[in-house]
Amino acid sequence: MGISVGDSVCIIRELQELSQKQLAKLTGIPQTTISAIGNSRVRLGVERAKVLARALKCRTSVLVFPGWESEEPSAA
């Protein structure tokens, strides 16, 4: 099935050793909403993705398109 948007938010947050409460404080997004996003009960949305990406120091696309892999052109 792959990684969901909620999974990607959780993984990146945990890699940065941030709690949901700390991320909520950094973003202004309620901790309950961050939890709901992590559990795929609430859609991330573009604006929240931008805010979270800024706080998590990652590209918005990493959160919005988890598991998407770009195909690198092969060197000839």
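pLDDT is the predictor's confidence in each residue, from 0 to 100. This is a predicted model. Among the helices of the protein chain, that confidence is lowest in helix H5 (residues 60–64), with a mean of 90, and highest in helix H2 (residues 20–27), with 97. The protein chain has 5 helices and 0 strands. Its largest pocket has a volume of about 200 Å³. The whole structure holds 2 salt bridges.

**Confidence**

- The mean pLDDT of the protein chain is 88.
- Residues that reach 70 or more make up 87% of the chain.
- Where pLDDT is low, the predicted coordinates should not be read in detail.

**Fold and burial**

- Read along the sequence, the pattern is α-α-α-α-α.
- The protein chain has 76 residues, and 34% of them count as buried.
- Helix H1 spans residues 5–15, and helix H3 spans residues 31–38.
- Helix H4 covers residues 46–56.

**Largest pocket**

- The lining includes Val 5 and Gly 6.
- Ile 37, Ser 40, Val 42, Arg 43, Leu 44, Gly 45 and Val 46 are also among the lining residues.
- Val 64 is another residue of the lining.
- By residue class, the lining divides into 6 nonpolar, 3 polar and 1 charged.
- Arg counts as charged, and Arg 43 is part of the lining.
- Gly counts as polar, and the lining includes Gly 6 and Gly 45.
- Ser 40, one of the lining residues, lies in the loop between H3 and H4.

**Salt bridges**

- Arg 13 and Glu 14 form a salt bridge, with their closest N and O atoms 3.7 Å apart.
- Arg 13 has a relative accessible area of 9%. The cut-off for buried is under 20%, so Arg 13 is buried.
- Glu 47 and Lys 50 form a salt bridge through their side chains, at 3.6 Å from N to O.
- Glu 47 and Lys 50 are 3 residues apart in helix H4, so about one helical turn separates them.
- The two partners fall into separate exposure classes: Glu 47 counts as exposed at 56% relative accessibility, whereas Lys 50 is partly exposed at 36%.

**Ser 8 in helix H1**

- Ser 8 sits in helix H1.
- Its relative accessible area is 6%, so Ser 8 is buried.
- The side chain of Ser 8 reaches the backbone oxygen of Val 5 at 2.7 Å.
- Val 5 is also one of the residues that line the largest pocket.

**Pairs separated in sequence**

- Ala 36 and Gly 6 are 30 residues apart along the chain, and their C-alpha atoms are separated by 8.2 Å.
- Ala 36 belongs to helix H3, and at 7% relative accessibility it counts as buried.
- Gly 6, its partner in this pair, is among the pocket-lining residues.
- Thr 60 and Val 46 are 14 residues apart in sequence, with a C-alpha to C-alpha distance of 8.4 Å.
- Thr 60 is in helix H5. Its relative accessible area is 28%, so Thr 60 is partly exposed.
- Val 46, the other member of this pair, is one of the lining residues of the largest pocket.
- Thr 32 and Gln 20 are 12 residues apart in sequence and 8.5 Å apart in space, C-alpha to C-alpha.
- Thr 32 lies in helix H3. With a relative accessible area of 54%, Thr 32 is exposed.

- Ser 40 is not a glycine, yet its phi is positive, at about 55 degrees.
- Lys 57 has a positive phi near 55 degrees, and Lys 57 is likewise a residue other than glycine.
- Both sit in loops: Ser 40 between H3 and H4, and Lys 57 between H4 and H5.
- At 70% relative accessibility, Lys 57 counts as exposed.

Definitions and conventions
Residues numbered from 1 in each chain as written. Predicted model: local features only at pLDDT ≥ 70, side-chain atom pairs only at ≥ 80, totals over all residues. Heavy atoms only, no water. 1 Å grid on protein atoms, 1.4 Å probe; cavity = no way out; pocket = protein on both sides within 12 Å on 5 of 7 lines; lining within 4 Å. Points joined across faces, edges and corners; volume = space filled by probe spheres on them. Helix = DSSP H or I, 4+ residues; strand = E, 2+ residues; numbered from the N terminus. Salt bridge = Lys/Arg side-chain N within 4 Å of Asp/Glu carboxyl O. Buried < 20%, exposed > 50% of the residue type's maximum accessible area, 1.4 Å probe, protein only. Polar contact = N/O pair within 3.5 Å; in protein donor to acceptor, adjacent residues only side chain to side chain.
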